[in-house]
Amino acid sequence: AISREIGDEFIAHGIEASRVYVLPQGVALDKFYPISREDKIKKRANIGIDINKKIILFCSRLDYRKGIDIVLKTWREIEKKHSNAQLIIVGGGSQKYIEWIKKLIAEGSNIKYLGEVDRPTVYYQVADIFVLPSRKEGCPNVLMEAMACGCAPVVSRIGGCEDLVKDKDNGRLFSKDSCEEYKNVLSELLDSEAAISKYQSKSYE
């Protein structure tokens with residue numbers, strides 16, 4: 001099984017526990033890795049991102065299961081409190097969410113929407129925080145890739161996310177479906193440069 005949650009489901013369906021092993025898929029560390037501050041400055045300049053901004057990255061499919069609605073519902077309050085925060089959204093999906101993003105941008109929200117990209121690595125590398133408020137996951141590749149690139153993760157307390165992120169050790173967890181808890185956890189992290197740095201270092205480990 002690729003996560004403890006899926007392993008538990010196998011056992012619940014009658015497979016002997018002694019025959020169930022959790023083996024998460026790996027990530028190519030020659031492709032996904034953290035970069036120096038100097039390289040981050042250069043890469044941000046190359047793609048038009050302010051080095052002084054705190055970059056929150058959502059990189060996944062734009063659909064309900066992935067929790068993009070939670071990211072969008074809470075963004076206005078987050079950026080009102082944290083004027084130096086910018087949200088970068090990478091991924092295609094439901095036109096409903098694309099239009100919602102465009103509406104927020106038109107209203108002045110500090111969001112950069114990039115759609116689908118062939119090589120998301122650079123966005124992991126220049127981001128400070130990676131958010132994934134999913135409602136269901138196995139062992140999410142995007143989370144492993146983001147952590148390998150040194151992002152501080154903020155993810156929902158589900159499945160494979162809990163296997164990868166230990167709350168207040170190498171990232172932050174919040175209750176699935178809770179806009180309020182997601183907003184508070186992300187806001188607390190944005191208030192603490194020390195916590196961001198700690199989780200960035202620990203996530204790569």
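Predicted model: local features only at pLDDT ≥ 70, side-chain atom pairs only at ≥ 80, totals over all residues.
Let's start with Glu193, which is partly exposed, with a relative accessible area of 45%. Glu193 sits in helix H9, which covers residues 193-204. Along the sequence, Glu193 and Lys54 are 139 residues apart, yet in space their C-alpha atoms are 9.8 Å apart.

Now, on to a pair of helices. How do H3 and H8 cross? The axes of H3, residues 68-81, and H8, residues 179-190, come within 10 Å and cross at roughly 40 degrees, so the two helices are oblique to each other. The crossing is right-handed. On the H3 side, the contact includes Ile70, Val71 and Ile78; on the H8 side, Tyr182, Leu186 and Leu190 are among the residues taking part. Sorted by class, this contact has seven nonpolar, two polar and four charged residues.

The largest nonpolar core has 30 residues. Tyr182 and Leu186 are among those with the most contacts inside it, as are Ile56, Ile89, Ile129, Val131 and Val154. Elements giving two or more residues to this core include strands S1, S2, S4 and S5, along with H8 and H9. Which element gives the largest share? That is H3, with six residues.

Let's look at Val154 for a moment. Setting aside neighbours within four places in sequence, Val154 is in contact with Tyr182, Leu186 and Leu189, among others, and also with Ile129 and Val131.

Methods: Residues numbered from 1 in each chain as written. Heavy atoms only, no water. Helix = DSSP H or I, 4+ residues; strand = E, 2+ residues; numbered from the N terminus. Buried < 20%, exposed > 50% of the residue type's maximum accessible area, 1.4 Å probe, protein only. Axes fitted to C-alpha atoms, helices over the stretch in contact; angles between N-to-C directions. Parallel < 35°, antiparallel > 145°, perpendicular 65-115°, else oblique. Left-handed = near helix turned anticlockwise from the far one by under 90°. Contact = heavy atoms within 4.5 Å. Nonpolar A, V, L, I, M, F, W, Y, C, P; charged D, E, K, R; others polar. Core = buried A, V, L, I, M, F, W, Y, C linked by side-chain atoms within 4.5 Å.
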